[in-house]
Amino acid sequence: MILTLTANPSLDRTVSLPGVLERGAVQRAVAAGEEPGGKGVNVSRALTVSGVRSVAVLPGADADPVMTGLRQAGVEYLNLPIEAPLRSNITLTEPDGTTTKINAPGPPLKPVEQEALIALLVGACTAGDSGPGSWLVLAGSLPPEVPPDFYASVAHTVRDRLGAQAPRIAIDSSGPPLMGALLHGAEPDLLKPNAEELAEATGFSSEAELEADPLLAARAAGMLIERGVGAVLATLGARGALLVTASGSWLATRPPVQARSTVGAGDSALAGYLLAEVAGAAPPDCLRQAVAHGAAAASLPGTTVPAVAATDPGAVTVTTLDGTGGGTPRGPAAAGSATAPPSSSKEES
Ligand SMILES: O=P(O)(O)OC[C@@]1(O)O[C@H](CO)[C@@H](O)[C@@H]1O
C-alpha cells in the first residue's frame, strides 16, 4: 500500500480553449471539466487506476467536491474534515497543448489541524499493509499557516513513531516547502524535482542549463545524494528524466509525444516509478516506467492519469551515465528526445 499526503489538495478545473489564450478577452471554451487534484492525490489516482493500492490522506470536508471526485474514481482516502472549502486550480489548455495554470493558495490549515493531519497519517501508516517495503509520498505546496518545515516534521514523526516499520518517504514539492524539508533533515528516500526545483534545491546552475544538460543535472542530483537524499528522480521536460542514487545514474529518453496537458505528468511519473519499484523492478526499469507514465499523462487532457496498460515503456531508452549500472536498452535509440510539452508549457513537478 502506498500512502500519499496532500496538505493542499485542489479541485482541478480544466478549460479547453478553441485557440490561443487571449489576455483581457472574453473567450468561449470548447470543453470544461473537473477532477480531484493536488500532487499526492494524483499519485494515488494513478496508482489506483493501475491496480496498486494507495490511500490519499488530505484535509477537506466529507462533502467537498474533491472527496466526491475521489469516491467516484474509486480512490481510497482518509480526510481530516475542515470547515473551509478546498481550493480550485484552473488549467487553460490550447489546441497545441500549451497549458496555462493558475493555482489558488488554498484554505489555511490551523496548527491544531496540522497536528490532526499528521496523527491521521501516522494512524494510516500503522494500519493495513504499510511498512518498510512501502512508501509514503509527501507532495505539493503547503496551505497558508503551515510552516515550510512541515514535511520534515511529518518525516521525523513518522520515523520516530514507527521505527523500523516506517515506510520509505518520497517528497515532491517546490519553493519553501522543498527547501524546508531538505534543510530540516527530512532526508527523503526519494526526491522528485523538476529542473527548476533541482536548481532551487542545489543552487547549482540554472533551470535552463539543467534541463538542457542531463550530465549537469546528474551532478546537481549527486549533490542531494551527498546531503542524505536516498535517490533523485529528476524530470527534465523534453530531455526525459534522470535517476541518481548512491550506486548509479541513469538517463531515460523517449520519442516526443503530442502533449495535450502537462498537468499531473510529473505526478504520474512518480506513480510509474513507485509502481515499478514496489513490483521489484531494478532502478533503471523504475526510471523507464516513470518516463512512460509521464509521457502517457502528458498526452491526456486535464489532470487525467494513465493506467499502466496505457503506457509504452518499450519506447523509452535508458542509458547509464556513470558506468555503475544500467537497464536493458529497449526501443528506438532516442537520446535527446522525450515527452515533449510545447516550449510554452512548463512542466509541473
Ligand atoms: O499548488 P501545488 O500544490 O504546487 O500544485 C497543485 C497542482 O498544480 O499540482 C497538480 C499537478 O501536479 C495539480 O493537480 C494541482 O492543481
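Student: What makes α9 and α10 a packed pair, and at what angle do they pack?

Tutor: Helix α9 (residues 265-278) and helix α10 (residues 283-298) pack at about 145°, and their axes are 7 Å apart. Axes are lines fitted to C-alpha atoms, for helices over the stretch in contact, and angles run from 0 to 180 degrees between N-to-C directions. Helices are DSSP runs of H or I with at least four residues, strands are runs of E with at least two, and both are numbered from the N terminus. The model is predicted: local features need pLDDT of at least 70, side-chain atom pairs count only at pLDDT 80 or more, and totals for chains, interfaces and linings use all residues. Residues are numbered from 1 along each chain as its sequence is written, and side-chain values use heavy atoms, with hydrogens and water left out.

Student: Which residues make the contact between α9 and α10?

Tutor: Contact means heavy atoms within 4.5 Å. Among the residues that make it are A269, G272 and Y273 of α9 and L287, A290 and H293 of α10. The contact residues divide into 10 nonpolar, 5 polar and 2 charged. Ala, Val, Leu, Ile, Met, Phe, Trp, Tyr, Cys and Pro count as nonpolar, Asp, Glu, Lys and Arg as charged, and the others, Gly among them, as polar.

Student: What does V52 touch, leaving out residues up to four places away in sequence?

Tutor: V52 touches I2, L47 and L275. V52 is in the loop between α1 (39-49) and β4 (54-59). Its C-alpha atom is 9.2 Å from that of V278, 226 residues apart along the chain.

Student: How do you know that β2 and β6 pair?

Tutor: Two strands pair if DSSP finds at least two bridges between them. Strands β2 (residues 10-16) and β6 (residues 87-93) are joined by 7 bridges and run parallel, so by that definition they pair. L11 has S88 in β6 as its bridge partner.

Student: Why do β3 and β7 stand at the edges?

Tutor: The open sheet has 4 strands in the order β3-β2-β6-β7, with mixed pairing. β3 (31-37) and β7 (99-102) each have a single partner strand, so one side of each is left without a neighbour in the sheet. The twist averages 20° from one strand to the next.
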